[in-house]
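Please work through the exercises below with the sequence and the model at hand. Each task is followed by a solution in steps.

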Amino acid sequence: MTKSVKFISLFFLFAGCAPSFDMLKGEYVYNDPYFFGVIDQDVLKNHQDYKWFDRRFNQYEPNIEMLSKTDLKDINIAIFMGTWCHDSKREVPRAIKLFNLLAINNERIRIVALNKKKKGYFKNYKSFNIERTPTIIFFKKGKEIGRIIERPLDSIEEDFFQFVDKNK
């Protein structure tokens, strides 16, 4: 086998291992007082023990001006969080408010609740290499274009704009 054929074979072997937004499917598990697995915004908004969500959601006033003129139709977002994690309790309501204001369809946002060991309850969760929560991963046309780990460098909207802008 020639070197180029070996390279192409290895490329496709490893390309198939890259995490993608579409891998984030599955059921969630409730283990009082925490959720694990793929959940939706309603779980966070309506659970009696998650009053922190509404409070933080309502307090945050994101600046969407820079993103309002940006084409977001090919953007998908994965949020890996812990319903037990103080950083997640601070950042996830903010992120969700921003994404709602930008009219990003709920089908394009996946929220993955992890246990305290940062393990997921779906196949291939390890391929996302989550070490801290929250981790917000942005995908464009199925490929990761950036991630926010624990807290944004500037703001969620500024970091998001930087990822989208450099990947036009």
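The model is predicted: local features need pLDDT of at least 70, side-chain atom pairs count only at pLDDT 80 or more, and totals for chains, interfaces and linings use all residues. Residues are numbered from 1 along each chain as its sequence is written, and side-chain values use heavy atoms, with hydrogens and water left out.

**Exercise 1.** Determine which elements each supply at least two residues of the lining of the largest pocket.

*Solution.* Step 1: a pocket is an open set of points on a 1 Å grid over the protein atoms alone, where a 1.4 Å probe fits, with protein on both sides within 12 Å along at least five of seven lines; lining residues have an atom within 4 Å of a point.
Step 1: the lining consists of Val-38, Ile-39, Asp-40, Gln-41, Asp-42, Lys-45, Asn-106, Ile-109, Arg-110 and Ile-111.
Step 2: β2 (34-39), α2 (41-46) and β4 (109-113) each contribute at least two of the lining residues. Helices (H or I, at least four residues) and strands (E, at least two) are DSSP runs, numbered from the N terminus.

**Exercise 2.** Describe the largest nonpolar core.

*Solution.* Step 1: a nonpolar core is a set of buried Ala, Val, Leu, Ile, Met, Phe, Trp, Tyr and Cys residues joined through side-chain atoms within 4.5 Å.
Step 1: the largest has 32 residues, and those with the most contacts inside it include Phe-99, Phe-138 and Phe-160.
Step 2: α5 gives the largest share of this core, five residues.
Step 3: another core, of nine residues, lies apart from it, with Val-38, Ala-78, Val-112 and Phe-128 among them.

**Exercise 3.** Is Ser-88 buried or exposed?

*Solution.* Step 1: Ser-88 belongs to helix α5.
Step 1: Ser-88 has a relative accessible area of 0%, so Ser-88 is buried.
Step 2: not counting residues up to four places away in sequence, Ser-88 is in contact (heavy atoms within 4.5 Å) with Trp-52, Met-81, Gly-82, Pro-93, Thr-133 and Pro-134.

How values were computed. Buried means under 20% relative accessible area, exposed over 50%, partly exposed in between (1.4 Å probe, protein chains only).
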